[in-house]
Amino acid sequence: MEKHIETLLKRISWGSITIATLTLMSMIIQTPETCIPETPNTSMTKFPRSSCDSNHRRHLPIDKKNHRLWTSKAWNQQVQSYVQLFGELQNRRLLANHSKVLCVSAGAGHEVMALNRIGVSDVTGVEVIDSLPLVSRADPHNLPFFDGIFDLAFTAHLAEALFPFRFVEEMERTVMNGGSCLVVVERCGGEELDQIVGLFRKSRLVNAVNITFNGAPMTRILMRKKVST
């Protein structure tokens, strides 16, 4: 009787091993249930055919990405705000088509495009992350330019600078004597304005004007670099 039971247990054991092996092979071969079923491939489908598709989505070339960005309504609205801002400087003869302009912390390059649109061709935009072809990569606190080579340095992101004194110092260093530094900040006055102006140790205040910029209340601060004696 014991031998009969032993034989029966061996059969059950071998059967269990066989079933487990077949189950494991089935799991390996079949698509996991967590995957999204494959969808018909149509010309309008822009996503992978399933969540387990190993093929990476094709990336658009940079020129096509830029075209999509630059033709958007939001992009052109911001560019137009910069066009109006710089247009006022043109009217005051503080900016000309031959001016060399530096845009510090230029983001995606709205201000660079705006200056190009009003006829200023020699424009350099820098940011910690480049956005080619409008903006190149450079540290705003350590600009890779010689002293006094720009007629105008501009920024709309002074408030985001990690080290404001160093940020402004680099703007002033790269601007020629008699050149200008233009800053746009959230609307301010009194002590706040004095603190911003005080960052410019080599320049004098020309004017500070409250404006509406890109739909928001802002203050435009224009500084003129002193001529060394």
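Predicted model: local features only at pLDDT ≥ 70, side-chain atom pairs only at ≥ 80, totals over all residues.
**Exercise 1.** Work out whether Phe 86 is buried or exposed, and why.

*Solution.* Start with the cut-offs: buried is under 20% relative accessible area, exposed is over 50%, and partly exposed is in between, with a 1.4 Å probe and protein chains only. Phe 86 counts as buried because its relative accessibility is 0%. Next, take Phe 154: its relative accessibility is 0%, so Phe 154 counts as buried.

Residues are numbered from 1 along each chain as its sequence is written, and side-chain values use heavy atoms, leaving out hydrogens and water.

**Exercise 2.** Find which geometry the rings of Tyr 82 and Phe 154 adopt, then do likewise for Phe 86 and Phe 154.

*Solution.* Rings of Phe, Tyr and Trp (its six-membered ring) pair if their centres lie within 6.5 Å; planes under 30 degrees apart are stacked, over 60 edge-to-face, the rest tilted.

- Step 1: Tyr 82 and Phe 154 sit 6.0 Å centre to centre with 90° between the planes, hence edge-to-face. Tyr 82 belongs to helix H3 and Phe 154 to strand S4, 72 residues apart.
- Step 2: Phe 86 and Phe 154 are edge-to-face too, at 5.1 Å and 75°.
- Step 3: put together, Tyr 82, Phe 86, Phe 154 and Phe 213 make one aromatic cluster.

(Helices, H or I with at least four residues, and strands, E with at least two, are DSSP runs numbered from the N terminus.)
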